[in-house]
Amino acid sequence: MSFLAAPPTAPAIDPTKVREVSSWPHTSPLVCARFDPSGAFVFAGAQDNTIVRWTVPEGKKVVLTGHKSWVRSLAFSARDGLLFSGDYAGRLLAWPVAGDAPAPRWDITAHRGWIRALASSPDSRRLASCGNDHLVRLWHVPDGQPLRTLDGHDCHVYNVAFHPDGKWLASADLKGNVKVWDVERGECVRELDARILHKYDGVFRADIGGARGMAFDPEGKYLACCGITNVSNAFAGVGNPLVVLFDWASGKQKAQLKPRAPHQGTAWGVAIHPLGFILAAGGGNGGELWVWKPDDPLSWHTLKLAGNARDLSLHPKGRLVAIPCHDSRLRLYDLASAAR
Amino acid sequence: MHCNYACGSSDHLLSRRSFLTAAGGALGLGLLTQPSLARVLNGQQKRVLVIDLHGGVSQLETWDPKPGTNTGGPFQAIPTSVPGIHISELLPHTARQMHRMALVRSLNTAEDDHGKGAIIMNTGRRQEPGLTYPHLGSACARLLGDESNPLPGYINITPHGTGGVSVADAAFLGPRFAPVSLDDGKAPQNIDRPADLTAAAEQTRQLLRLRASERFLRRRRTAQTEAYTQTYDQAVGLMQKKHLFNTANEPEKLRDRYGRHDFGRHCLLARRLLEGGATFVKVTHTNYDTHHENFDFHLEQLGEFDLPFATLLEDLALRGLLDTTLVIVQSEFGRTPNINHLYGRDHWSRAWSVALAGCGIKGGAVVGKTNANGTAVVDREVNAGHLFHTYFKALGLDPKKNFYVEQRPIPLADPKASAITEILA
């Protein structure tokens, strides 16, 4: 990965010129969003228990019904053309990505309590899920048969991400403990420290934190976890967004990335662009999209958003960013310097 | 309102015992016109347990879930031990006790401020200039308590560092009926006689103190001096009852079931105190003021509340105490149906719920209704005044009777309201 050394065929990406290019409405606040591996669709989970699919870039909308609780997590099998969705009731559903009216292929109880995140292995043969039962689970794709349970966290597991080589799975919990699992053996082989993303608020007697977003860079050299830090009032959400960037080889923190101008809120989604810059979006005291160079802890660029962001997804081709917002809109942002 | 026994008011010279037994006396105290009251109270002690879910618990995540609506949040509703009644999935153990409980789902207290909301729920009235009403605990200590009981009439079990004695709770009833707070459920400090003080020496000290007090009281008697004197008597009694404060005396299995965390210990302590003769025990569980991450925090907080509370209800029932113990689960208000951008819910008093159980309450009853997404009461709207009428009725007291302060009648409960008879046994 070389910072901003774009291959000649890539569009001219300039994150300092990022701008909103689409704003698609739904009828309920959105919770999460992901582009499918082809980039032809973007999906969002909503507070009305539905999943919304929009075509990219046209914005043709289809609503997928089948969940009985909020859908917080989405993942895909590129090989099988499947969408996986996890909800707050612990249900894991598989859907065809394409088609006019996708219906669930299967529906299983994957966790006791919330499913907080899903991740597909790079070869699309495994799906990882995590949740409030403190467990990480691996599932066979495409049939959803259970493969393995990874037991080791002692609190809610907030996120999972496969390393691009497919051998390792990272899982992060409420307290900011990141475990690295050997996928074949099912063993935790090391732990990374993101505890700066957690606090026990002694006044309100509650834990606050967790890796709200987690992502590897395409080469697997870095792992980014995002969330909230410096919490002074857990019950009012008074704290600051933070991205913790790990050097994968050493397992040490490479940087703690903050907005250049102080912001109150949570970073809900993070991605590492193939060109090396880091993107995160958050909400709280207004929505913002931040861009960092990996060696500068203060944001390189900040874009004020029209809504409070609740997730972030980077298009497979690296030009578009999808952000689901509390105001029931999914917004697309273009990272290219020229008009599309 | 300052309570000054030196004012010479004859009613203030009465002790609680004489207040209860001088039925039909010439003092004009409304309560005393109810001749059976003293007999009832002497024959069977009534008790009150309040569980205060501090900060404003969400009615949508507890007693009035609205799954599948735009305000319902991610949680489901589950069936209870009473067919047709569903509550939030966050309360599975409590759901199995629903046949012992009644729900009021149509509360409109019209006050979204923490402090003012707490006053309304604790006194049954909105704050008024010039008159402070006693909290339910102080009123019950006065009306249900027994002067010979060494336990304080109003015991407040608070999470560590969050509470303290508030003499103001007793208002015109005087400091004798103020709460005694047990910080983190710990016994009052210095409850043990110092090791180097013999029983005989202690008795001598007490006699000397009494003599001095009597001499002082002959010259000036105030509510404060009387309470001061009574406090010493109570302390001696408390020392003899100190075993009640030690939950370690309970079987391990029961302690496990209540939970070893603070709220579990506090609930078990409440049961021990009620069983040991306490009149009014309030247990506070924090914190529900979830403007941010309402669902995460309610999952945590109610996860801690559910089993100890259900265990406490069952334990009281199995020991035969529930029939004489009124149980109230309350907050200062509910939370907004609207879910804000922080996944939070804000303060909401227009349409929320409380749960009751035990003494005088019809188990398995639900009264009132909110609309489909919980934004408004659509049937049987009530306020805290109605609740207080209901509490007093359930306890066998007439809420239309009066306290008297310098000849001024102060009704026990707001005269503009009435009891919710649908949930009275």
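Predicted model: local features only at pLDDT ≥ 70, side-chain atom pairs only at ≥ 80, totals over all residues.
Let's start with strand S4 of chain A, residues 51–55. Is this strand mostly covered or mostly open? It is mostly covered, with 5 of its 5 residues buried. In a regular strand, side chains alternate between the two faces of the sheet. Here, Ile51(A), Arg53(A) and Thr55(A) sit on one side, Val52(A) and Trp54(A) on the other, and both faces are covered.

Now for the neighbours. Strand S3(A), residues 41–46, runs antiparallel to S4(A) and is joined to it by 5 bridges. One pairing to find on your screen is Phe43(A) with Arg53(A). The hairpin between S3(A) and S4(A) has 4 residues between the strands, and there Asn49(A) takes a positive phi near 75°.

On we go to S5(A), residues 61–64, which pairs with S4(A) over 4 bridges, also in the antiparallel sense. Ile51(A) has Leu64(A) as its bridge partner there. This hairpin has 5 residues between the strands, and Gly59(A) takes a positive phi near 85°.

Over to chain B. The largest nonpolar core has 57 residues, and those touching the most other members are Leu49(B), Ile51(B), Ile157(B), Leu273(B), Val281(B) and Phe305(B). Domain 1 (10–187 + 263–423) and domain 2 (190–245) of chain B each give this core at least three residues. Apart from it lies another core of 51 residues, including Ile120(B) and Leu395(B).

Finally, take a look around Leu49(B): its contacts include Ala270(B), Val283(B), Leu312(B) and Ile328(B). Thanks, everyone!

Technical notes: Residues numbered from 1 in each chain as written. Chains lettered and ligands numbered in written order. Heavy atoms only, no water. Core = buried A, V, L, I, M, F, W, Y, C linked by side-chain atoms within 4.5 Å. Buried < 20%, exposed > 50% of the residue type's maximum accessible area, 1.4 Å probe, protein only. Domains from an automatic or database assignment. Contact = heavy atoms within 4.5 Å. Helix = DSSP H or I, 4+ residues; strand = E, 2+ residues; numbered from the N terminus. Pairing = 2+ DSSP bridges. Lists of a residue's contacts leave out its neighbours within four places in sequence.
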